[in-house]
Amino acid sequence: MSTPAALFRHLPSTDAALQYLEADPLLAALPRDLRKDAATAFLDMLRAAIKDGRIDNAAHLADAVLFPQLAAFVRRAGQPHFCRVLNATGVVVHTNLGRSLLAEEAIQAVTQANRYYSNLEFDLDSGERGSRYSHVEALICRLTGAEAALVVNNNAAAVLLMLATLCQGQEVIVSRGQLVEIGGSFRIPDVMARSGAILKEVGATNRTHPRDYENAITDQTAALLKVHTSNFRIIGFTREVSLAELREIGGRHGLPVLEDLGSGTFFDFSTIGLHGEPTVREVLAQGADVVTCSGDKVLGGPQAGIIMGRKQFIDPIKKNPLNRALRIDKMTLAALEATLRLYLDPAQARERIPTLRMLAMTHEALRQKAGRLARRLRKELGAGVRVSTCPGASRVGGGAFPERDLPTTLVELDTTGMGLSPDELQRRLLESDPPLVGRIERNRFCLDPRTLLDEELPLATTVLRSAIIS
Ligand SMILES: *Cc1c(COP(=O)(O)O)cnc(C)c1O
């Protein structure tokens, strides 16, 4: 135990710290100011720790202890903040971890779009200005049966633009059971308010009847809106008005039916045993006039919002000046076209698009992958760690198939024998390079192999080894 005043004298000077850093070629290569600011921040942190008693022993301040910590701190400061993460959560469309991974074809297309000039807005037939939407519109129409389509920055933008164009200053009728908050800060009622449309809520939270819509229609009504209840399910005593019923009411009153599908899919998930999410083609065939969905949820493409449906409604949406503020960039367009082209052959889409591939993994394939990971870990982590596999559940995520568990096999780590709690292990893994995100269940740290790529199993093992054996 020493007094703070005595401890302060053990701190190295900034000059000494910088000299140490310059001896390491990797750190010496960092911009000088960055190195200096990081070293200063590190020393400030130590001073604060001495002041409030977290450091009370001069041994913690010896050069041999401090300098390697300083080097690690500066190395982290010199690294990009936005970085790769290993996703062992089993949540396939994990919004916080970047949603969908792109298919190799899409990655190649993005590279090309960045490295070279392109016909982004150039019509090669006429040699004159063209439309950036021309690259994907026909493809979307072919895949969904829509008459026309456009793409914008994301689905929130799609909903905003659709309502701002078709319903500004007028009323939109929507069921109370569908006024969803998606997470982050996306709430349907708030977006609607920004669009200038006036929200007319009908029904009760659990039950809405056709007559509720019917009774709410006035000469101020512009549209009937259906919103996908992406992240929750209302169960029990419920009644939802079907799209066919809305179509019928809309038809009698000359009102368009709009649907915010949220995730939206071009792939028939019932073919892989996941039921309950209709394809966009089915929704349009059931009579929706305009449908919006995300590009990077279960569609498995880049962040984008797709607006598709009847030409008479899509045309004015395309012409809305707001569209210019919400437009997608060339990288997104390149990735989206490449992803959508894979859907021309559903078997190919399922094989090539990582989101679909992860969702379609069979129970047996997951069991084997968990086995491979467990064997690797047993070999690398030594006898102090108990590695086992057990049945568990993955999630689709991204607001599709809410509350629906996908059976998986988890790899569980028990490190308590080495005095390492699951919480401490989790903390160390978040500090790893790359960080690994898993989950804690029944007081064990668990990895779900569904969201780890095959090629990532060795890296995940190395990361776990350093975190546990450090
Ligand atoms: C996810 C979601 C949105 C927002 O889509 P983004 O592409 O994230 O902007 C909007 N509506 C519903 C119903 C959703 O599930």
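Throughout these legends, contact means heavy atoms within 4.5 Å. This is a predicted model, in which local features need pLDDT of at least 70 and side-chain atom pairs count only at pLDDT 80 or more, while totals for chains, interfaces and linings use all residues. Residues are numbered from 1 along each chain as its sequence is written, and side-chain values use heavy atoms, with hydrogens and water left out.

**Figure 1. The surroundings of Ser 294 at the end of a strand.** Let us begin with one residue. Ser 294 touches Arg 99, Asn 155, Gly 262, Ser 263, Leu 299 and Ala 304, once residues up to four places away in sequence are set aside. Ser 294 belongs to strand β10, residues 290–294; helices (H or I, at least four residues) and strands (E, at least two) are DSSP runs, numbered from the N terminus. Buried means under 20% relative accessible area, exposed over 50%, and partly exposed in between, using a 1.4 Å probe and protein chains only. Ser 294 counts as buried because its relative accessibility is 4%.

**Figure 2. Lys 297 and its annotation.** Lys 297 sits in the loop between β10 and β11. UniProt, in an unreviewed entry, places the feature "modified residue: N6-(pyridoxal phosphate)lysine" at Lys 297. UniProt positions are given in the numbering used here, feature names are shortened, and annotations may be inferred rather than shown by experiment. With a relative accessibility of 5%, Lys 297 counts as buried.

**Figure 3. Helix α7 and its packing partners.** Helix α7 covers residues 134–144, and its buried residues are Val 136, Glu 137, Leu 139, Ile 140, Cys 141, Leu 143 and Thr 144. These buried residues pack against β5 (148–152), α12 (280–285), β11 (305–309), α13 (311–319) and α15 (330–342). Just after the helix, Gly 145 adopts a positive phi of about 80 degrees.

**Figure 4. The largest nonpolar core.** A nonpolar core is a set of buried Ala, Val, Leu, Ile, Met, Phe, Trp, Tyr and Cys residues joined through side-chain atoms within 4.5 Å. The largest one here has 58 residues, and Phe 266, Met 308, Leu 340 and Tyr 343 have the most contacts inside it. Helix α7 gives the largest share of this core, five residues. Domain 2 (86–95 + 358–469) and domain 3 (104–352) both contribute residues, so this core lies between them. Looking at Leu 340, and leaving aside neighbours within four places in sequence, we find contacts with Val 136, Leu 139, Ile 140, Leu 143, Phe 266 and Leu 299. A second, separate core of 30 residues includes Ala 157, Leu 160, Met 162 and Val 174.

Figure 5. The chain is divided into domain 1 (4–78), domain 2 (86–95 + 358–469) and domain 3 (104–352), with bounds that come from an automatic or database domain assignment. The C-alpha centres of domain 2 and domain 3 lie 34 Å apart. Their contact takes 12 residues from domain 2 and 17 residues from domain 3.

**Figure 6. Strand β12 and its two pairings.** Two strands pair if DSSP finds at least two bridges between them. Strand β2 (residues 91–93) pairs with strand β12 (residues 386–397) in the parallel sense, over two bridges. Here Val 91 has Arg 395 of β12 as its bridge partner. Strand β12 also runs antiparallel to strand β13 (residues 405–414), joined by 10 bridges. In this pairing, Arg 395 stands opposite Asp 405 in β13.

Figure 7. A cis peptide bond, with omega about 0 degrees, joins Asp 433 and Pro 434. Pro 434 lies in the loop between α19 (422–430) and β14 (436–437). Further along, Arg 442 is in the loop between β15 (439–441) and β16 (444–447), and its phi is near 45 degrees, a positive value in a residue other than glycine. Arg 442 is exposed, with a relative accessible area of 57%. Asn 443 is in the loop between β15 and β16 and has a positive phi of about 60 degrees although it is not a glycine. Asn 443 is exposed, with a relative accessible area of 55%.
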